[in-house]
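Student: Could you take me closely through a single part of this model, with the cut-offs stated as you go?

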Amino acid sequence: AEAGGPRGSAPGQQLRALFYALAPGESSFRTVEEVPDYVEKSIPFFLTFIGLEFAVSWIQKRKLPGRINDGISSLSLGILSRLPDVLFRSIELISYIYVWNNYRLFELPWDSPWTWYLTLLGVDFAYYCFHRMSHEVNILWAAHQVHHSSEDYNLFTALRQSVLQKYTSWMFNLPMALFIPPSVFAVHLQFNLLYQFWIHTEVITKLGPLEWILNTPSHHRVHHGRNPYCIDKNYGGTLIIWDRIFGTFEAEDAKVVYGLTHPVNSFDPIMLQLRPLAHIWNTFWATPGFCNKLSVIFKGPGWGPGKPRLGLPEEIPVVTGNEVPFNPHVPAYLNCYALVHFAVIMDLYIELLASVTMLSQGTVLMRIGFIILSLASFGLLMENKSKAGILEIIRCLVFIGVYKLGYFRSNFSFLDYAYEV
């Protein structure tokens, strides 16, 4: 493709973007405005690969790779994490462009392959640093642990993201803004995120010599484990070389048990996002001494008075292999109900992304508020909470009202009557 021409939109290119397999010539752009939204355009591929993972897992093991309740919870958290971008431009790009415009030391050419590959390494190393700090600094862990809260490990888990994490990760990228153009950075920021989607699976075992260089499903399974040998290991995004260099690499060995060392036991996406912060708040005020209070915030999540910065390894709970994931008994019809209504919300969310520039601010806020209400209601339904029924009745009445008034619109007009039913 000619430099600066329209690129990055073809389905084949979009598919290769998921695997960081686009060449510099087809993913280099003069301005940030020309950079495609690779993440949004990948949504159909996310759903396709999730279906493929289910099929392969059934063929291999005669069982599905996850559960309805955990899958809906992961997708809900993924939607929540993207809602701020509907209203505001990414803080990662805003801060980067500000430093570039005001403090850059020199300017590398945007259309040079050397700039492209240097940015690949720079973005991935910045991600390693941020990711490691997110496990070693309690206030950063409070945001990041949302991604680790699933006790399943599948492609749904890849979409389980924190609303707050992007508001702490942006600063790690700023050194690159001194010399790397924002358009190049914007491409690799997305590629680094997209690459990490396909490694969240158990259906791929080992990838031979690639295991030495790339982050792979095997390496990332270790990162998501709560086994003592898995804790604080394999922080890489696209490359595993940083872990090998800085001593945080661990190969997959004993069967990995997934999730947090102290499971949250909830499918409520709002609670999953906010409870870690509430825990830090309560611990902060309960801990005596000003320096100790600061340590609650800035030392590791396992720290306590008299302990090392990252806590004591012997306090990590023992994993027996017989752990039972949180899975409240819910009637089959209720799972079906939640699944159908979640599909409706997915449709409305995708339509919101497609039409946000044509909507008034009030309509956008109304849609976002209703999506948040719906995701919270589904979480309570799947926990079989007593108040879930009342909240769901209110939600459905609100839906009928705003849908009849035209504040919601489906991508599929022939479903209008079905949605009202």
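Tutor: A polar contact is a pair of N or O atoms within 3.5 Å, where within protein one atom must be able to donate a hydrogen and the other to accept it, and residues adjacent in sequence count only if both atoms are side-chain atoms. The model is predicted, so local features need pLDDT of at least 70 and side-chain atom pairs pLDDT 80 or more, while totals for chains, interfaces and linings use all residues. Residues are numbered from 1 along each chain as its sequence is written, and side-chain values use heavy atoms, with hydrogens and water left out.

The part to look at is helix H9, residues 166–169, helices being DSSP runs of H or I with at least four residues, numbered from the N terminus. Ser-169 belongs to H9 and is buried at 8% relative accessible area, where buried means under 20%, exposed over 50% and partly exposed in between, with a 1.4 Å probe and protein chains only. Beyond its neighbours within four places in sequence, Ser-169 is in contact with Glu-92 and Phe-130, contact meaning heavy atoms within 4.5 Å. With Glu-92, the side chain of Ser-169 makes a polar contact of 3.2 Å.

Lys-166 forms a salt bridge with Asp-85, their closest N and O atoms being 2.9 Å apart; the term requires a side-chain nitrogen of Lys or Arg within 4 Å of a carboxyl oxygen of Asp or Glu. Because Asp-85 lies in helix H4 and Lys-166 in H9, this pair ties together parts 81 residues apart in sequence. Lys-166 counts as buried at 14% relative accessibility, whereas Asp-85, at 26%, counts as partly exposed.

Terms used:
Helix = DSSP H or I, 4+ residues; strand = E, 2+ residues; numbered from the N terminus.
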